[in-house]
Amino acid sequence: MKNIPLGAKVECSDGHCGESGIIILNPETRQVTHFVVQDRSLADRDQRLVPIDQVVETSRNRIRLSCTRAELASMDHFIDTHYTHTEKEPQIDWPVDDTVRAVPRATLTEPRYAREKVEQIPPGEIAVRRGTKVTARDGSVGNVDELVVDSETGHISHMVVEVGHLWAKRELAVPVSAIDYLFEDTVYLKIGKKEVEALPTVPVKRHA
């Protein structure tokens, strides 16, 4: 088993290369396919979409990859930025003097461009972020902290959910079988709040 922590330091084979931010998974198979690395040392300071098979080992606060920093830089961008031309109607001024025939005067304006950023999530897959809401059948229970993935199959076995208040937080390992579906940045469970609260609070085994 391996945990895929969110907000953890990421190391390539030749040094530190950023932080983990988002996990991409297939909701049908519940298999993790990619995760996103934010590398601020790159010239474009952009995020890269990293295949899960690049992960060698993980710990609570670290993910180690098999690729080099140069190989990471050549991977697909997670955010695609493009500009869309927006048409703007010319400004029209009307004479104030009513004694003069009203002839409109048009003033052309410079065209405008809107910048749009689009997440490059593979078709049929979804993005899970740290803090993604988790809702039971009868209400909200907490937020996603990390995922536990079977290193051989790549399938999620558990979802670590942080529950409770600031002064009494706990981490519960919710089995994947309790997940009903995911929709609009929320994970919905098949079970109720009492069943979630009854889950053991033993710490998840993490690999150093």
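Student: How many bridges join S2 to S3, and which way do the strands run?
Tutor: This is a predicted model. In it, four bridges join S2 (residues 9-12) to S3 (residues 15-26), and the two strands run antiparallel.

Student: Which residue in S3 is the bridge partner of Val10?
Tutor: Gly18.

Student: And what joins S2 to S3?
Tutor: A hairpin, through two residues.

Student: OK, on to S4. How many bridges join S3 to S4?
Tutor: Seven, with S4 covering residues 31-38. These strands also run antiparallel.

Student: How many residues sit between S3 and S4 in their hairpin?
Tutor: Four. Check Arg30 in that turn: its phi is positive, about 55 degrees.

Student: What about S3 and S12, parallel or antiparallel?
Tutor: Antiparallel, over four bridges. S12 spans residues 126-129. Ile22 has Arg129 as its bridge partner there.

Student: Changing topic. How many cavities of 30 Å³ or more turn up in the whole structure?
Tutor: One. The largest cavity holds about 70 Å³ of space.

Student: Which residues line the largest cavity?
Tutor: Leu25, Arg30, Val128, Leu147, Ile156, Met159, Ile179, Leu182 and Val187. Arg30 is the residue with the positive phi in the S3-S4 turn.

Student: Which strands each supply at least two residues of the lining?
Tutor: S15 (156-163) and S17 (179-183).

Student: Now packing. How many residues has the largest nonpolar core?
Tutor: It has 39 residues.

Student: Which ones have the most contacts inside it?
Tutor: Phe35, Leu65, Met159 and Leu189. Two of those names have come up already.

Student: What is Met159 in contact with, leaving aside neighbours within four places in sequence?
Tutor: Val134, Val144, Glu146, Leu147, Leu172, Ala173, Val174, Ile179, Val187 and Leu189. Leu189 is another residue listed with the most contacts inside the core.

Student: How many residues are in the second, separate core?
Tutor: Seven, including Val36, Phe78, Ile79 and Ala127.

Methods
Residues numbered from 1 in each chain as written. Predicted model: local features only at pLDDT ≥ 70, side-chain atom pairs only at ≥ 80, totals over all residues. Heavy atoms only, no water. 1 Å grid on protein atoms, 1.4 Å probe; cavity = no way out; pocket = protein on both sides within 12 Å on 5 of 7 lines; lining within 4 Å. Points joined across faces, edges and corners; volume = space filled by probe spheres on them. Core = buried A, V, L, I, M, F, W, Y, C linked by side-chain atoms within 4.5 Å. Buried < 20%, exposed > 50% of the residue type's maximum accessible area, 1.4 Å probe, protein only. Contact = heavy atoms within 4.5 Å. Pairing = 2+ DSSP bridges.
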